[in-house]
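Have the viewer open as you read.

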Amino acid sequence: HDRLSRDELARLESKKLSALLLHARESVRHYRQLFARHDPFASGDVDYDRFRHLPILTKADIRNNINNLLSERLDGNRLDPNSTSGSTGEPLSFFTDLRSKSYRKAAVARNRKWIGIENGNPVARLWGSDLDARKAKSLRGKVHSFITREIFLSAYDLDNSRLLAYSRAIHRHKPKLLIGYPSALAAFGEFCSERSIEFPSITAVVCSAEALHPFQRESIESGFSAPVYNRYGCREVGDIAQEVPVMQGLVVNSDRIYVEILDESGETCGPETMGNIVITDLDNYGMPLIRYQTGDRGSWAVPGSEATLPYPVLGTVEGRSVDVVMAPSGNRIGGFFWTTLLRTRPGIKAFRVVQDSIGSISIQFIRMPGGPEIDIPYFDAKIRDKCGPEMEVEFEEVTEFDVPPGEKFRLVKSNVGRQQ
């Protein structure tokens, strides 16, 4: 759709949105009940003014109402269960249909082409989800990696020996593209810069799943001698927007995702005005996410006549923020260690990790209502095993997390060194 005009792209988006809403009204109990009170149609076509008055879909709505959000008519399509890692402190389960996953893959291929990466070019992924790690190690995952020429490097462990092994794996694989979390890539880039390790095959680095800070971009570009492109997406819908060389800001995959930016009263924000990001997946009919609030904030870029692609552009995105914890042993612990560990025992509804010095961390947690007693000695032992016995660990039960006005919630917040 790169060759469409902006008007043609807008008509395509409107057609897909109308088809999704019709399907949701006819086949999904939640929306059938919702549209009976808030009809988004006028004369058979979607009315955008009415659409923008539909209630926002939240993560709590999905957790409390997931069965009513599933389509009753799949027409041969199949649902694929999925979940988030809990980068806001609490995980989320959901479903995507297999047909929509094909659209996701096509958008990924197009976004990569925009930064000079063609299908079949080797890729290295520094990723950390426990789910992704299990998939990569499975027979199906190994076959997929062989076909796609992609290697998976777990961001779960980032100690010096592991990073050295990763550098050797990259030298053997010779990827053109490196993908990863900003926090993990910055740590890896600094490790490589300190040891003068170079990767001549890498021509682009894509950061995703966390907020990309300027100091991280600098460390990554320096460490890998390649341009860095910020990507915004979420597991629920896939890639939403990405930086490209020919335009300023993050280009939205608007033929897949309808994006709104709203202020606190639910009104549409103008260019350069920060607001809440609300999305509608135009392709997932199995579990439609209509006007879904991601929990992130962003702003639209000022429209430019120099734009070479017809898609809308985000000027800024404040995504989830997860820092790397520095242990006294010198080990670097990424965010997925904490999300995996603190869910191995029941009782914790949500949590946040705060580090104020290399020798100490605080685990703030909200107790699951009616849940069992929390096994703090188990967590303490596992953390000391990972970080070293000299690490001081404090557990603090709270009723809510203290987040200063205007500051993004950070699942792992490090106040050590540059990560302030």
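Cys234 counts as buried because its relative accessibility is 9%, where buried means under 20% relative accessible area, exposed over 50% and partly exposed in between (1.4 Å probe, protein chains only). This is a predicted model, so to speak of local features pLDDT must be at least 70, and side-chain atom pairs count only at pLDDT 80 or more, while totals for chains, interfaces and linings use all residues. Residues are numbered from 1 along each chain as its sequence is written, and side-chain values use heavy atoms, with hydrogens and water left out.

Cys192 is buried too, at 0% relative accessibility.

| Cysteine | Closest cysteine sulfur | Distance |
|---|---|---|
| Cys192 | Cys207 | 14 Å |
| Cys234 | Cys207 | 17 Å |

Now the sheet: it's open, has eleven strands in the order 6-5-7-8-9-10-11-15-14-13-12, and the pairing is mixed. Strands (E, at least two residues) and helices (H or I, at least four) are DSSP runs numbered from the N terminus, and two strands pair if DSSP finds at least two bridges between them. Strand 6 (150-154) and strand 12 (257-262) sit at the edges with a single partner each, so one side of each has no neighbour in the sheet.

Strand 12 runs antiparallel to strand 13 (residues 275-281), joined by six bridges; Val259 has Ile279 as its bridge partner there. Helix 8 (residues 160-173) packs on the sheet, touching strand 5 (123-127), strand 6 and strand 7 (177-180), contact being heavy atoms within 4.5 Å.

How values were computed: Axes fitted to C-alpha atoms, helices over the stretch in contact; angles between N-to-C directions. Disulfide = S-S within 2.5 Å.
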